Amino acid sequence: MKHTSKIEKIVLFLLEQQGKLASTLSMLGQEHDVLIQQQDGSKLSQLQQSYVEVGRELLRLLVFVEMNAIGVRKILKKFDKRCEHKFTNYYVKTRANHPYSQLRQIFKHLGISAVVGTISRNLVDLQDNRASYISIYDQPALPLPDPIIEAINHAVDRLTNSTDFLHYLGKHALILPQELPTPSKDHAAAERYHLMSLLLNLANAFLYMVNTYIIVPTADDYSLSLGAAATVCGAVIGSMAVAQVFSSVYFSAWSNKSYMKPLVFSSIVLLIGNTLYALAYDFNSIYILLIGRLFCGLGSARAVNRRYISDCVPLHLRMKASAGFVSASALGMACGPAVACLLQANFKFMKITFNQDTLPGWIMALAWFLYLLCLWISFREPPKEEMVNVLPQKANSGQIENGLVQNSISQPLLSSAEEKQQDEDEDQDCDNSEESAEEIQKPVTSIVSAYKLLTPSVKVQLLIYFMLKYAMEILLAESSVVTTYYFIWSTSNVAIFLACLGLTVLPVNILVGSYLSNMFEERQVLLASEILVCLGIVLSFQVIIPYSVPQYVFSALITFVAAEVLEGVNLNLLSRVMSSRLSKGTYNGGLLSTEAGTLARVFADSTITLAGYWGMSRLLNVTLLPSLFICIFSIIATCFTYNSLY
């Protein structure tokens, strides 16, 4: 009854604020009609700003609703844990959809859509009317406040779990949103924004992914030519991931001070690494080959790419830039093997060998040299942002004064100090990840602090991310060895096969982002995708002799596509449930996910190299066993935390 009365209090407060916003819009509407007839440009600008202010009030109200919806979910999760009964799913489904339920007002956005529509329509109408009569000699019209409308729409999407392809794809970058964007912060980001710099930032992400996968079709042949076993290709491919484990941390820290310097350093290191990779053939040294790939991993600036988008792109462009980052990475993944397919020449120039093994290194060295020149000429270092310690203000009366929603809606009504202390006394382990109001603005300062902010459901999702990256790396890294042994495929055949797999990334994300994520709950898609990945791994085992091409291609396609669907849904869930403190600083959510995925690649590539000691005939089954075990374990973990994954 206590929490029921609290929910009722929230709902009544929500309706009261919606009514005041509606009244304000009604008065502005009357003024709107009069000013449209008078055609007074200065007053129209004031009216336009008034609509913007109402939009900000609505945004704060939506944040308030979201905070309390999260509070309700946390209470239900604690109930499940203490009573050892999965009551949450039943409770939310029955209460949130019942026509007489108070929860319906919290989990749905009844009445809010009308306010959003009124603000959007009138802003567009004002913009059109002003443009029709303002002279080129008059003061130019104020730009349409797209960031406000987009922020409101994103807040509504978070409440309803609805999405579109752009929003869905943008979340893959795991650039976590801050609690409530302010005009000053968005204005600062607009001043730091430079289109050419953003394009160069995305080009860095594209080239790095090309660099990662361009050697996959030829790594086994290169290892053999240097006197090593074909399965040493696992170490060759994986050495880049080993170095990336460390480079992600120092690049993330470096991006606190500069963006251009780490990008320049990254390009130089990658230029050196690819040159060493190519020269290893003439020096006949597997060690130079491995050192070259280690240098390539040390040049991984993906943490800088994410940070630049988060800090230097205005709010209304940030989702598009995030989607561009993911698309550039996916395109690079497909282009890497495709480029390798074209590099079939074999000649010498000044005693340096150029063939299918060394050309990937020379091509990427040239690409990074050209990129470095463009970076030096066109990239603009953003001005340093002044760091201001902003602490949340305490809640006050909760009234609207001068048309502004006051700070009471920035604090959830469900979390009083007494209730919080009582919850901590009863079940401390449930509250380890919850932040106090004083600490919510502070970024974490160590990997240990970041780990403490992870809830059990987030840890399970990081495990799922590890699993899918492990399975994908096993599939991609050993493809050349497996297909050569069983099917006698040429380098061109392997490259075409890998390129076709890579090209499925964007179509699959379009299908999931535009349709499946709106038809089913994300946790349902998550579990179904895990099962499909498990099915693909099972079908990949060599049980029937001879091992056939249709079996390999079909099972690989199921595994890869299901893993892509799983990655998208997994990162969407992570972006929604991770702590807001992980949206900034060195040890952010993007770094944690990158480290989990990179470690998975390291373990997968090490597995391939170690499995080579059992012989080529056992390589496939030996490498698939760990993938199957980790996949089954992640499915079990998902089932145990299923009710908390929403």
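**A residue, a helix pair and the cysteines**

Leaving aside residues up to four places away in sequence, N201 touches L263, V304, N305, Y308, I309 and Y371. The model is predicted, and in it N201 lies in helix α9, which covers residues 195-213. With a relative accessible area of 0%, N201 is buried, because buried means under 20%.

One of the residues touched by N201 is L263, and helix α12 spans residues 260-283. The axes of α12 and of helix α13, residues 286-298, come within 7 Å and cross at roughly 165 degrees. Since angles over 145 degrees count as roughly antiparallel, that is how α12 stands to α13. The crossing in which α12 passes α13 is left-handed. On the side of α12 the contact is made by V269, L270, I272, G273, N274, L276, Y277, A280 and F283, while α13 contributes I288, L289, I291, G292, R293, F295, C296 and L298. Sorted by class, this contact has 13 nonpolar, 3 polar and 1 charged residues.

C296, among the α13 residues in that contact, has 0% relative accessibility and therefore counts as buried. As for the cysteines, a disulfide is a covalent bond between the sulfur atoms of two cysteines, and the count of disulfides in this model comes to 0. C341 is in no disulfide, and the nearest cysteine sulfur, that of C500, is 9.8 Å away, whereas a disulfide would need the sulfur atoms within 2.5 Å. C341 is also buried, because its relative accessible area of 19% falls under the 20% cut-off.

Methods. Residues are numbered from 1 along each chain as its sequence is written. This is a predicted model: local features need pLDDT of at least 70, side-chain atom pairs count only at pLDDT 80 or more; totals for chains, interfaces and linings use all residues. Side-chain values use heavy atoms; hydrogens and water are left out. Axes are lines fitted to C-alpha atoms, for helices over the stretch in contact, and angles run from 0 to 180 degrees between N-to-C directions. Helices (H or I, at least four residues) and strands (E, at least two) are DSSP runs, numbered from the N terminus. Angles under 35 degrees count as roughly parallel, over 145 as roughly antiparallel, 65 to 115 as roughly perpendicular and the rest as oblique. A crossing is left-handed if the near helix is turned anticlockwise from the far one by less than a right angle, and right-handed if clockwise. Contact means heavy atoms within 4.5 Å. Ala, Val, Leu, Ile, Met, Phe, Trp, Tyr, Cys and Pro count as nonpolar, Asp, Glu, Lys and Arg as charged, and the others, Gly among them, as polar. Buried means under 20% relative accessible area, exposed over 50%, partly exposed in between (1.4 Å probe, protein chains only).
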